[in-house]
Amino acid sequence: DLDTVSKAVNQGGIHRFLQKPWDRRALRQAVQQGLEWYRLIRENRELTDGLKTKNAQLEEKARVLRDSERRFRELADLLPEIVFETDADTRLTFANRATSELLNRSAGDLLQGVRMADIVTPGLPDPPPGPAGATARWEGTVAGRHGEIIPVQVSCCPIVQQETVCGWRGIAVDVSDRKRAEDERARAEKLEALRDMSAGVSHNLNNLLTGVLVPAEMLRELDESPGVKENAQTIYIAATLAAQLVRRLHLATWGQEDESCPVPVGVAVVDAVRAAQLRWQGWADRPRNAITVDLDVVDVPAVKATATGLTDVLENLMMNAAESMPDGGRISVSVRRSGDEVRVQVQDQGGGMDADTRRRALEPFFTTRMDIGRGLGLATARAALDRWGGGIELDSTPGAGTTATVRLRLSAEPEVGEADPSA
């Protein structure tokens, strides 16, 4: 039409090529050329506008992706658990702040070829279980910044692109509290079963032992025959040891019935050291002074316990320390106040314990030695401390000795013989 021809002539610049008089053929070629240029200009404008729109859309998508990645990183950094991503070779490509803090390694260091197997044991399965998109779950351990072993539950899923697994994304949750709760529940169930058993065993054995101890004691006192007196003494000693074992079984499961009262810790420590020294100095398999005791006792308030019970607890710990050092060594005992409790530490130079032994050391009847009556000392101590509102902790490493920490609550009552300030 004339409008299109006019635009082609004006915008295509064909008037520059027209000379009078006009040649119809030249005029037609000029108009056609102008129309073609006009078409190209319009298509170029449309393409340019389309590219601008596409660029704007791509920029918006990139902004949304950046915001999404920022939110993901911020949320991941807020979590106390390990959050990670890896490539197909299980090398870390992302680790949140908790991972860096737990392992005491910078994020940059973690992304320098560190594999999941270097952090979690066992690491990512190879080959991974299940089809692409499935979630893999397993339990492992992580070595903390101070060398502590932390149990974790790992959950992760593959990162799939174009039907190919190109990495893994997951989280490792600290399950220490759950493990402790499970151990406590198992301990409570075992203790309940032992209580039922010990009630019957203690009653029946005490009746039987009474029938042995009374005649044996009468024979020792009334019969003048040396052979009879010696045999009676042997019977009496064996029956007495059996009665003590029954009592220890009862204490380990039911505890003492004595009411707690204010107890001076320093006195209990000294009494326990003296009692333990008398016992281990009589051992025939080592020199009399093979074991020394270093005391570091400061003045602290009285604690909630029983005098005899606390002395027995500390004596048991010192005997365990002495037995762990067959070639002799030093036992260090310290007393300190920590907040609203007093802590007594008994440290030895023995062979130490592995993690499994340390975990089970406070269970009734658990022992690494096979002598009669073993396996009740620490259980009895734990039962007494629980009853007083305190506790006991064992810190041990194979080859580096053991430190037992007794926690005792401060007594709300004045110590016996102490003046009441309100009087």
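**Close-up views of the predicted model**

**A. R330 is partly exposed, its relative accessible area being 36%.** A residue is called buried under 20% relative accessible area, exposed over 50% and partly exposed in between (1.4 Å probe, protein chains only). The model is predicted: local features require a pLDDT of at least 70, side-chain atom pairs are counted only at pLDDT 80 or more, and totals for chains, interfaces and linings use all residues. Residues are numbered from 1 along each chain as its sequence is written, and side-chain values use heavy atoms, with hydrogens and water left out. D294 is likewise partly exposed, at 37% relative accessibility. The side chains of R330 and D294 form a salt bridge with an N to O distance of 2.9 Å. This pair links distant parts of the chain, since R330 belongs to strand β10 (residues 329-338) and D294 to strand β8 (residues 291-297), 36 residues apart. A salt bridge requires a side-chain nitrogen of Lys or Arg within 4 Å of a carboxyl oxygen of Asp or Glu. The structure contains 21 salt bridges.

R169 and E85 are joined by a salt bridge in which the closest N and O atoms are 2.5 Å apart. Because R169 lies in strand β6 (residues 164-174) and E85 in strand β1, the pair ties together parts of the chain that are 84 residues apart in sequence. E85 is buried, at a relative accessible area of 16%, whereas R169 is partly exposed, at 35%. Side chains of opposite charge can pair when their charged atoms come close.

**C. K179 and E139 meet through their side chains in a salt bridge of 3.1 Å, N to O.** K179 is located in helix α5 (residues 176-222) and E139 in strand β4 (residues 136-143), so this contact of side chains ties together parts that are 40 residues apart in sequence. Both partners are partly exposed: K179 has a relative accessible area of 29%, and E139 one of 39%.

**D. Six strands form an open sheet in the order β2-β1-β6-β5-β4-β3, with antiparallel pairing.** The edges are taken by β2 (92-95) and β3 (120-121), each of which has a single partner strand, so one side of each is left without a neighbour in the sheet. Two strands are treated as paired if DSSP finds at least two bridges between them. Helices (H or I, at least four residues) and strands (E, at least two) are DSSP runs numbered from the N terminus. Strand β1 (residues 82-87) pairs with β2 in the antiparallel sense over 3 bridges, and F84 has A95 of β2 as its bridge partner. Strands of a sheet pair through backbone hydrogen bonds, either parallel or antiparallel.

**E. Strand β4 presents a covered face and an uncovered one.** A136, W138, G140 and V142 make up the covered face, while R137, E139, T141 and A143 make up the uncovered face. On one side, β4 runs antiparallel to β3 and is joined to β3 by 2 bridges; V120 stands opposite V142 of β4. The antiparallel pairing of β4 with strand β5 (residues 149-161) comprises 8 bridges, and A143 has I149 of β5 as its bridge partner. In the hairpin of β4 and β5, with 5 residues between the strands, G147 adopts a positive phi near 90 degrees.

Helix α7 (residues 265-280) contains 16 residues and spans 22 Å from its first C-alpha to its last. This reach is close to the 22 Å expected at 1.5 Å a residue, where the expected span is 1.5 Å times one less than the number of residues. V265, A268, V269, A272, V273, A276 and W280 are the buried residues of α7. They lie on the same side of α7 because they cover an arc of only 135 degrees around the axis; the arc is that of the directions from the helix axis to the C-beta atoms. R274 and L278 are exposed on the other side of α7.

**G. The protein as a whole comprises 10 helices and 13 strands.** Of its 423 residues, 33% are buried. Contacts have heavy atoms within 4.5 Å; among those between residues at least 6 apart in sequence, 59% join residues at least 24 apart. The protein exposes about 26000 Å², of which carbon and sulfur atoms supply 52%. Accessible areas come from the Shrake-Rupley method with a 1.4 Å probe; for residues, only the protein chains shown count as cover.
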